[in-house]
Amino acid sequence: MEEAKPFAISKRAVWNAYKKVRANHGAAGIDEVSIEVFEKDMKDNLYKLWNRMASGSYFPPAVMAVPIPKKSGGTRVLGVPTVADRVAQMVAKEFLEPIVEKHFHKDSYGYRPGKSAHEALAETRKRCWRYDWVLEFDIRGLFDNIDHELLMRAVRKHTDNRWVILYIERWLKAPMQAAGGELVSRGKGTPQGGCYQSFAGEPVPALCI
């Protein structure tokens, strides 16, 4: 029997989220705790995470900033959450994704279950035989400039679940830790790399490494 908590987050939900994060692998965050290290005290780590999330006392740690070279030159900053934070994000993702999935455009392939870049390429190949034109565009700094207020307005349109709204707001505000150790506060944008980034696709900015 689950302990009485302000938020109805089950231990099973946290366990299932952990299994998905483990399957995705991924690096350690600012606490330098890898999945292998996390598993050494997995039962206690997952219980603490569940307890904090279910009680409303979970605050995400800073996200580790890792610069990644871009093919076009320059770098893209990847945000690496801790293993525990990725599990927490996955709990929220597993709750919200089924709600928003039905609103996505059929031609949207990013950050969606059962969709892949290979499918997008296959569809493009088919359409190349039907049309003699192509439209290509890119939004510069899309994830870096997402408006937090507009994003949360979109989230609230699809759910009134208090813990989902609370934690997405906290993830958006969590600072980034640069290579030198300094913390950089964020008033806009979402770090590329977290599970909640998939809430940042369409129609709501979708959340894993």
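Predicted model: local features only at pLDDT ≥ 70, side-chain atom pairs only at ≥ 80, totals over all residues.
Colleague: Which residue of strand 3 stands opposite Met 64?
Modeller: Strand 1 (residues 63–69) also pairs with strand 3 (residues 176–177), this time in the parallel sense and over 2 bridges. Across from Met 64, the residue in strand 3 is Gln 177.

Colleague: On to the helices: how is helix 6 oriented relative to helix 7?
Modeller: The axes of helix 6 (residues 148–158) and helix 7 (residues 162–173) come within 11 Å and cross at roughly 160 degrees. An angle over 145 degrees counts as roughly antiparallel. Helix 6 is therefore, relative to helix 7, roughly antiparallel.

Colleague: Which residues of helix 7 make that contact with helix 6?
Modeller: The crossing of the two helices is right-handed. Helix 6 brings His 148, Leu 151, Met 152, Val 155 and Arg 156 to the contact. By class, the contact has 6 nonpolar, 1 polar and 2 charged residues. From helix 7 come Ile 165, Ile 168, Glu 169 and Leu 172.

Colleague: What about helix 1 and helix 4: how are they oriented to each other?
Modeller: Helix 1 (residues 11–24) packs on helix 4 (residues 83–101) with the axes 8 Å apart and an angle of about 115 degrees. Their crossing is right-handed. That angle makes helix 1, relative to helix 4, roughly perpendicular.

Colleague: How many nonpolar residues does the contact of helix 1 with helix 4 have?
Modeller: Helix 1 contributes residues including Ala 13, Val 14 and Tyr 18, while Arg 86, Val 87 and Met 90 are among those from helix 4. The contact also has 1 polar and 3 charged residues. Its nonpolar residues number 8.

Colleague: Is the crossing of helix 4 and helix 7 left-handed or right-handed?
Modeller: These helices pack at an angle of about 135 degrees, with their axes 11 Å apart, and are therefore oblique to each other. Residues of helix 4 including Phe 95 and Leu 96 meet Trp 163, Val 164, Ile 168 and Trp 171 in helix 7. By class, this contact has 9 nonpolar, 1 polar and 1 charged residues. Helix 4 passes helix 7 in a crossing that is left-handed.

Colleague: Last one: why are Asp 44 and Lys 48 separated by about one helical turn?
Modeller: Side chains of opposite charge can pair when their charged atoms come close. The side chains of Asp 44 and Lys 48 meet in a salt bridge at 3.3 Å, N to O, and a search of the whole structure finds 11 salt bridges. Both residues sit in helix 3 (residues 42–55), and they are separated by about one helical turn because their spacing there is 4 residues.

Definitions and conventions: Residues numbered from 1 in each chain as written. Heavy atoms only, no water. Axes fitted to C-alpha atoms, helices over the stretch in contact; angles between N-to-C directions. Parallel < 35°, antiparallel > 145°, perpendicular 65-115°, else oblique. Left-handed = near helix turned anticlockwise from the far one by under 90°. Contact = heavy atoms within 4.5 Å. Nonpolar A, V, L, I, M, F, W, Y, C, P; charged D, E, K, R; others polar. Pairing = 2+ DSSP bridges. Salt bridge = Lys/Arg side-chain N within 4 Å of Asp/Glu carboxyl O.
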